[in-house]
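This report goes through one protein model for a reader who is new to structures. Please have the sequence and the 3D view at hand.

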Amino acid sequence: MFKVLIPRTISHTGTDYLTKKGCELLLSAPKSADDPVFEQCHAILTGPTRKFRYDKPLLDRCKNLKVISSFSAGVDYIDTVYAEKLGIQVTNSGNANSNAVAEHTIFFMLACAKNHEIMSEAVKKSDFSIRKDVFNMELSGLTLGLIGFGNIGKLVAKKASMGFDMKVIVYDHHLTPDNAPAGVTPVSSPEEVYRNADFISLHVPFSEKNRHMIAREQLDMMKPSAVLINVSRGGLIQEDNLIQAVKDKKIKGAALDVFETEPLPADSALLKYNNIIVSPHCAANTREALDRMELFAAMDIFRVLNGERPEFPVNHPSFL
């Protein structure tokens, strides 16, 4: 019987599926990488954790481990390269949360265009005169710029172009005029996005190579009317530079679901500006998405344990 370590759950779908398939579930929340439970398991169904990383010292202790399946799309907490050397398959939940995150991106755009924070606070103070001083925008005709065009980016582009009649420009190495969908214009550099977009939305995975890919230089390229959106990973943006850009009115504002430090400290300067909209890393947290995320991750565990190719591989170890 295969033993599957599940440090935490986000739904019942994955645990139900693995139980029905005859797996033994180790519903344990290891407090450190030294926990002996890691030596017992054949598979791990997990998500991001702040307690430890699935790095070389931990993976070396997992003598029976065949697969780590992440119910999140991001796997930056796993050393996927070293796992591959050990023959450990790493998978994620694929497109399970794509629609939820894409919808959150659209929500952010609407909230910024309609000055939601400012208007809501004014109503709470019985100040209806705000409508004479602050004017909203229509999304129709504005330019959305996407950095990255994976599952989420594609859905954001579709919803923005077809639903709101926005112009969509995209920078992505894999996107060309020949394979771009209708309503999407590829550009040859990220700088073209920064200089021309009214809304700039990041849809790339985090890595040390793209840490602080948005910093002072990139912010200086943006329009004074531009809004920066991040639903990917907090480390993509140099937050002090962003705060300064908003303070100096070099850009109109930002909408952030992710941060370099989470939870966001109560004294963070990001909370001092009503043109910086924030949410608590919840873009993927719809009931529907969470059900799909855990189920998709569990299904790939069962595939790998039974010698099959996973549906959503992140690395590519050799299989006999």
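## About the model

The model is predicted: local features need pLDDT of at least 70, side-chain atom pairs count only at pLDDT 80 or more, and totals for chains, interfaces and linings use all residues. Residues are numbered from 1 along each chain as its sequence is written, and side-chain values use heavy atoms, with hydrogens and water left out.

An open sheet is formed by five strands in the order 2-1-3-4-5, with parallel pairing. Strands here are DSSP runs of E with at least two residues, helices are runs of H or I with at least four, and both are numbered from the N terminus. Two strands pair if DSSP finds at least two bridges between them. Strand 2 (24–26) and strand 5 (89–91) are the edge strands, each pairing on one side only. On average, neighbouring strands of this sheet are turned by 20° against each other, direction ignored; the axes are lines fitted to C-alpha atoms, for helices over the stretch in contact, and angles run from 0 to 180 degrees between N-to-C directions.

Strand 3 (residues 43–46) and strand 4 (residues 67–70) run parallel and are joined by four bridges. Leu45 has Ser69 in strand 4 as its bridge partner.

Which residue stands opposite Ser201 in strand 10? That residue is Ile229. Strand 9 (residues 199–202) pairs with strand 10 (residues 227–230) in the parallel sense over four bridges. Strand 10 is also joined to strand 11 by four bridges, and these two run parallel. Here the bridge partner of Ile229 is Ala255 in strand 11. Strand 11 (residues 253–256) is covered on both faces: Gly253 and Ala255 on one side, and Ala254 and Leu256 on the other, are all buried. Buried means under 20% relative accessible area, exposed over 50%, and partly exposed in between, with a 1.4 Å probe and protein chains only.

## Cysteines

A disulfide is a pair of cysteine sulfur atoms within 2.5 Å, and by this rule the count is zero. For Cys23, the nearest cysteine sulfur is that of Cys41, 12 Å away. Cys23 is buried, with a relative accessible area of 8%.

Cys282 is in no disulfide either, since the nearest cysteine sulfur, that of Cys112, is 14 Å away. With 23% relative accessibility, Cys282 counts as partly exposed.

The C-alpha atoms of Gly163 and Leu139 are 9.9 Å apart, while the two residues are 24 residues apart along the chain.

## The second largest pocket

The second largest pocket has a volume of about 280 Å³. Among its 16 lining residues, Asn64, Leu65, Lys66, Leu86 and Gly87 are the closest to its centre. Helix 2 (56–61) and helix 11 (287–305) are the elements that give two or more residues to the lining.

A pocket is an open set of points on a 1 Å grid over the protein atoms alone, where a 1.4 Å probe fits, with protein on both sides within 12 Å along at least five of seven lines; lining residues have an atom within 4 Å of a point. Grid points are joined across faces, edges and corners, and the volume is the space filled by probe spheres set on the points.
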